[in-house]
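I opened this notebook to keep track of what I looked up, entry by entry.

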Amino acid sequence: MCFPPVPRCPAGVFRLWLKAAVVLWLAHGCVRVAGSLYTKEDPLVILSSGSLKSSVTNSSSAWLLQFFSSWCGHCVQYSSTWKILAEDVKDWQTVIVVSVLDCAQEENYDICREFGVQLYPTIKVHMIPWYCCCTVGELSADRQVQVMRHLMVDILQNHTKLERPDHCPPLETYSSEDLLPLLGQRSEYYTAIIVEEPESYIGREVILDLLMFSGVEVKRALSSDRLLMDALKITTFPSLYLLHPNSTHTELHIEKKQRFFFSSLLKMLPGVQRKPRGFGRTSATGLLEALSVYTADLESALHYLLRVELATHDYLEGEELNIFKDFVTVVAKLYPVGGSVVKLMKTLSNWLSSIPLQRLSYQKVLDLVDNKMRIAGMFLGAELRWVGCQGSRAGLRGYPCSLWTLFHILTVQHDAMPTALENTGLEEEAAPVLQVMRRYMRTFFGCGECGRHFEQAAASSMDQVENKEDQILWLWDQHNRVNARLAGTLSDDPQFPKALWPGPTLCASCHEEKNGVHIWNRNKVLVFLRQHYGASNLSPKYSIRPPEPPSEPAQFHPFQKEHQEDNKELNLKFKEHPESQARHQIIKQDAGGPEGGVWVLGLGFNSIDMSLCVVLYVCSCLVLMFLFFFFKVKSKRWKHRQSHLQV
């Protein structure tokens, strides 16, 4: 049978097909880049052709919109700058919104053409009721943020009230005629007067920073107003003069003449709170409490963790049991304060490491935590006593705050005691405390969504931690990221809000500005964290004291009385090793249950079992003796009868 010849593909057609495949592959790659260039986690609005007009035209705010293309290399590089800008002015959203639109997406072709976008990135500002366009120049990334922020200020200030957003405050300067009559007057709020040079933007930026806060009104004044300068006795610029509600007034000392310090100081005033979402600042009492770390919070965290959160697991087995063992080991080795809590954690750690079981009842752990075996000096309070983590109402702060605090302390202690985890199996990990925290949050932490967020953060950057200093800073950085994500939500406490920490009041040297953008001095932050979470800064005030030992000896079960002398002799063997003695008692407790028991032949009989055995033994002996005498008497009678028959 003959088959028709197969037609050959011309070389030109093959090359054309190959080019098309490459183009499609590159286009697919561009789509993936677009998806990752900006995400919903970024503090900006991602627009599309279907949402742009409805969002912008129906809004009472101005819109700063970047048209970009995901295949544009400069757009990719500029995306980090745009995210920094959006984060920097996120409190300005009620008057101007930072947004993006990807012109490389097919669905956005028509809208980009309609807006006349030809170069990328193109930035357009929508005001009521007109559009204007400006193109980003060749400036450094840091400088671009400040330039764009100043551009936003100019746009908001240089237009009439009709064109301004509804909630935009006045950004013009006030004169001595406007401000001097306010001196000595009572008010329901603070009035902050920022005196600055004419070319300074700090006053206007602080006004916008305080947009979402009530309880304070910020006004600008110029250094050229000599009458006002003489009345307020101000000689350096920029300066902050504060009029209190009780009619007193004074110039405030600013550690650094930077926008961040001005805004932070005003947000920290007692009674100043975020308006739309109940977002406030710490009161003077709350700030004072933040200067110390309280062992009561740590003890409450362990109490809740061991008696409440762990109680959702009837049994610990396999990986769960190993994770719990690692957590207990880290706390036992690195907990900075000695005493009853440390003895409990060390005893628990020794017990867990000694048992060969791969499945453990939670009730056994609870019996040890509650010290059912009466080991002297071992105690953990059974109540929640929040101090530094006390919320303004029930359900706020509390356990999550104390758990963060506990792990911050453990990272600092690991830095101070680098050999503490040797011979534990954890010393080979670059960040053992973080890895244990990661596994615990993923397995046991009650808030599933929180655990997933922490796992995502750990998966993306924890492998970059190379030493103990990085471990401290990584946890601090992630804590600030969580604060930024949850700020202003229903879980945020209006009296102790989630904000960048430490603030300038606690650590002024931790904060700096580079080209007008706030940055952290990480070396200073590390010094602060080591001091703040160090053992010397832990306050034992408000901790629950262990109960006094009973004046009379504890009551023993009957079987225990019989073997009291044997127990004393056994305890003498462990006199030189108290931890071994405690572990021996725990093994007996694990075998005997919550009522206490005796370890006999490795079978784990408790005192009740042994008492029953003794009773049964005595009864059986009596029965056997009765049967013995009964049959002995019977046998004598039978022999006597046989002898009479023979006669």
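**Entry 1: cysteines and their links**

I began with C447, which at 29% relative accessibility counts as partly exposed; in my notes buried means under 20% relative accessible area, exposed means over 50%, and partly exposed lies in between, with a 1.4 Å probe and protein chains only. C450 also counts as partly exposed, at 34% relative accessibility. I then looked up the link between the two, and found that a disulfide joins C447 to C450 with an S to S distance of 2.2 Å, where a disulfide is a pair of cysteine sulfur atoms within 2.5 Å. The angle about its S-S bond is 65°, and the link of C447 and C450 is right-handed.

Before going further I noted the conditions: this is a predicted model, in which local features need pLDDT of at least 70 and side-chain atom pairs count only at pLDDT 80 or more, while totals for chains, interfaces and linings use all residues. Residues are numbered from 1 along each chain as its sequence is written, and side-chain values use heavy atoms, with hydrogens and water left out.

Next I turned to C507 and C510, which form a disulfide with their sulfur atoms 1.9 Å apart. The torsion about the S-S bond of C507 and C510 is about 75°, so this disulfide is right-handed, and both cysteines are buried.

For C389 and C401 I found a disulfide with the sulfur atoms 2.1 Å apart, and with -70° about the S-S bond this link is left-handed. The pair links distant parts of the chain, since C389 sits in the loop between α14 (362-369) and α15 (399-416) and C401 lies in helix α15, 12 residues apart; helices here are DSSP runs of H or I with at least four residues, strands are runs of E with at least two, and both are numbered from the N terminus. C389 counts as buried, at 3% relative accessibility.

How many disulfides does the rule give in total? I recorded a count of 4, and with bonded cysteines counted along the chain the disulfides follow the pattern 1-2, 3-4, 5-6, 7-8. C72 is in no disulfide, and the nearest cysteine sulfur, that of C75, is 3.1 Å away; C72 counts as buried, at 10% relative accessibility. C619 is likewise in no disulfide, with the nearest cysteine sulfur, that of C621, 9.2 Å away, and at 39% relative accessibility C619 counts as partly exposed.

Why can I call strand β3 (residues 96-102) largely enclosed by the rest of the structure? I noted that 7 of its 7 residues are buried, so the strand is largely enclosed. In a regular strand the side chains alternate between the two faces of the sheet. In β3, I96, V98, V100 and D102 point one way and V97, S99 and L101 the other way, and all are buried.

I then looked up the partners, counting two strands as paired if DSSP finds at least two bridges between them. Strand β2 (residues 62-68) pairs with β3 in the parallel sense over 7 bridges, and L64 stands opposite V98 in β3. Strand β1 (residues 45-47) also pairs with β3 in the parallel sense, over 3 bridges, and the bridge partner of L47 in β3 is L101.

Last, I recorded that β2, helix α3 (residues 73-88) and β3 make a right-handed β-α-β unit; a crossover is right-handed if, with the strands pointing away from the viewer, the path from the first strand over the helix to the second runs clockwise.
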